[in-house]
Amino acid sequence: MQAFLTTDRLLLRRFTEYDLDDLVRLDGDPKVMRFLTGGRPTPRAHLRDQTLAKILDWYEQGPLSRWAAVERATGDFVGWLALEPGDGHDAEQAELGYCLRAASWGRGYATEASRALIAKAFTDLGVHRVFAQTMAVNAASRRVMEKSGLTYLRTFHRHWDDPIPGTEHGEVEYELLRPEWTRRQKT
């Protein structure tokens, strides 16, 4: 499979229907899902019929999507990274996202790939703004955003029908604009 992007240690490639088992294992880990579902696994049927179907459709719509991340040295699936079309945002904005297996945490993979995706967004994909959101209490994700060059923009509160622990503290949004990224590249 052709790589969408490579870094020193990772290869980001398109998902296929054959990646369903890896997604089920990823979304079945309570540690991985702590800040997404409160630790509850995502049902296999939902991953197959909605999540994976949406990702595959994005590939047909344009350059923004979600990619399977694998270790270059071993070929092992480590999770996914994304530059997704943001809900309600124009085509010049992309939402950065990442979700890695717990066994891959603490190795700098999310930051390494996020930086590479941001560079690709601004140099090849015509993106003007990259943003990311997470729960305010998700300190590890916030560190990745900061190490990737995004800066804190705001804290906001959403209504959740089934809130998980920590939602009472709100969500945070970070962003990086292309002129700022370009300026940083010159220094």
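Buried means under 20% relative accessible area, exposed over 50%, and partly exposed in between, with a 1.4 Å probe and protein chains only. The model is predicted: local features need pLDDT of at least 70, side-chain atom pairs count only at pLDDT 80 or more, and totals for chains, interfaces and linings use all residues. Residues are numbered from 1 along each chain as its sequence is written, and side-chain values use heavy atoms, leaving out hydrogens and water.

**View 1. Glu-71 and Arg-107 form a salt bridge.** A salt bridge puts a side-chain nitrogen of Lys or Arg within 4 Å of a carboxyl oxygen of Asp or Glu. Here the N to O distance is 3.1 Å. Glu-71 sits in strand S3 and Arg-107 in the loop between S5 and H4, 36 residues apart. Helices (H or I, at least four residues) and strands (E, at least two) are DSSP runs, numbered from the N terminus. Glu-71 is buried, at 11% relative accessible area. Arg-107 is partly exposed, at 41%.

**View 2. Arg-9 pairs with Glu-112 in a salt bridge.** The closest N and O atoms are 2.6 Å apart. Arg-9 lies in the loop between S1 and S2, and Glu-112 in helix H4, so the pair ties together parts 103 residues apart in sequence. Arg-9 is partly exposed, with a relative accessible area of 32%. Glu-112 is buried, at 18%.

**View 3. Glu-180 and Arg-184 form a salt bridge within helix H6.** The closest N and O atoms are 2.9 Å apart.

**View 4. Strand S4 (residues 77-85) is largely enclosed by the rest of the structure.** Eight of its nine residues are buried. Strands pair if DSSP finds at least two bridges between them. S3 and S4 pair antiparallel over six bridges, with Ala-68 opposite Trp-80. Five residues separate S3 and S4 in their hairpin, and Gly-75 in the turn has a positive phi of about 80°. S4 and S5 also run antiparallel, joined by seven bridges. Glu-84 stands opposite Glu-95 in S5.

**View 5. Helix H5 (residues 139-147) has buried residues Ser-141, Val-144 and Met-145.** Seen down the H5 axis, the buried residues fall within an arc of 100°, so they line one face. The arc is taken from the directions from the helix axis to the C-beta atoms. Covering elements include S5, H4, S6 and S8, with contact meaning heavy atoms within 4.5 Å. Gly-149 follows H5, with a positive phi near 105°.
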